[in-house]
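Look over the sequence and structure first.

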Amino acid sequence: MAAQGFADPRPLSPPTRRHLQRVLSRVQLLQLDSVNVAVRAHYMPVFSRLGSYAPSLVDDAAWSHSARKPRLLVEYWAHEASLVPVEDWPLLHSGAKKPGWWRNYGVHAQRSSQLVDDILAVVKELGPVGAGTIERELTGGGPRARGPWWDRSEVKQLCEYLFGLGELTTGSRRGFERLYDLTERVLPAQVLSRRVDAAEGARELVARAAVAMGVATEPDLRDYYRLQPGHSRRAVAELVEQGVLVPVQVDGWSAPAYRHVAAAAPRKVAGRALLCPFDPLIWERARTERLFGFRYRIEIYVPEEKRVHGYYVFPFLLDGELVARVDLKADRAVGALRVQGAYVEPGAEPGRVAAELAAELRHMADWLELEDVVVMPRGDLALALGAAVHTIR
């Protein structure tokens, strides 16, 4: 909990770039996801740790650059699609990670080498630019062949292939659309020129994962950046030998664990936070169950009639325990944060949980500039939560 930043008090004044950097020093990366039913995934972990803040802090850190405020973050495949510190770029391209799914598009690149050159030429001329604009430039605005909704055009596939190789990156975003640019125009020369082999990359990434997790098994550490198993195991052994990782036994864990040498347990973890499904504290579901006794599954792709807790469920963290979960939706048409379902965990005290959760939901609604919190009558906490929300309107 301390490693993830939940022992740090929320700032009393509006959070600044310095506060964002503190969060990033804890979690190391922010996962991106296209689902926007409540709030984009990369904004929520910062809110969970800092409270209400200006999302432009993240936007400026990731997608703008000036001499006064250099870019802090860049997009790449880390845990999944993620925002990572600019200086970590060479580590992610070291060969330590599992091969990316985008490599499947390599056959298209070989078959269409001229198209690859043409894409790079358009990006050089127009970037930052979206795949749709690139395609229109290359086809003269003519009709494009489309398959089912999940199919990608060849131009988009090759853009993603070049993104995976590191020749293109995200120069900016329009809404959530990725606007590609040449990597050399986005990242500092000293970052691009650094060469890191797979062994060094794995050691540094495992060390970063250990900073973020505090204590973890080798598979836990490996999963944080989706490393290749062999590289991860060797890196853990080398970091133990160097004294960066300390082998420990954790009650109830069947696998050996490792504590980062700088990790320390606070006297207590107090406070509350709503966690999105892609928060790094809980994104590895088996680890979440080991740590908290909290079985958690995302049910976006489960048919509605088979969902247990809802479409986009946020666990609720209170004083170091996961005590409830709520299915949330930001209904901007009516200006409300909707609680589609609310559930208390066994052993938690419903009255206190409802009161604390209501206050945090109100805080989140204010952050999202929503006027109301509406609790629907679904789940064993809904009645108490609705009453608690009513008292703080």
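## Second largest pocket

The second largest pocket is lined by 38 residues. Nearest its centre lie Met1, Ala2, Ala3, Met213 and Gly214. Elements giving two or more residues to this lining are helices H1 (17–27), H11 (198–213), H12 (218–225) and H14 (285–292), plus strand E8 (257–260). Helices (H or I, at least four residues) and strands (E, at least two) are DSSP runs, numbered from the N terminus.

The volume of the second largest pocket is about 770 Å³. Its lining has 24 nonpolar, five polar and nine charged residues. Ala, Val, Leu, Ile, Met, Phe, Trp, Tyr, Cys and Pro count as nonpolar; Asp, Glu, Lys and Arg as charged; the others, Gly among them, as polar.

On a 1 Å grid over the protein atoms alone, a pocket is an open set with protein on both sides within 12 Å along at least five of seven lines; a cavity is a set of points where a 1.4 Å probe fits but cannot get out; lining residues have an atom within 4 Å of a point. Points are joined across faces, edges and corners, and a volume is the space filled by probe spheres set on them.

## Largest cavity

The count is one cavity of 30 Å³ or more. The largest cavity has a volume of about 40 Å³. Gln4, Gly5, Asp8, Arg22, Val23, Arg26, Arg49 and Leu50 line it. H1 and helix H2 (44–50) each give two or more residues. H1 has the largest share, three residues. By class, the lining has two nonpolar, two polar and four charged residues.

## Model and confidence

This is a predicted model: local features need pLDDT of at least 70, side-chain atom pairs count only at pLDDT 80 or more, and totals for chains, interfaces and linings use all residues. Residues are numbered from 1 along each chain as its sequence is written, and side-chain values use heavy atoms, with hydrogens and water left out.

The protein averages a pLDDT (the predictor's confidence in each residue, from 0 to 100) of 94.
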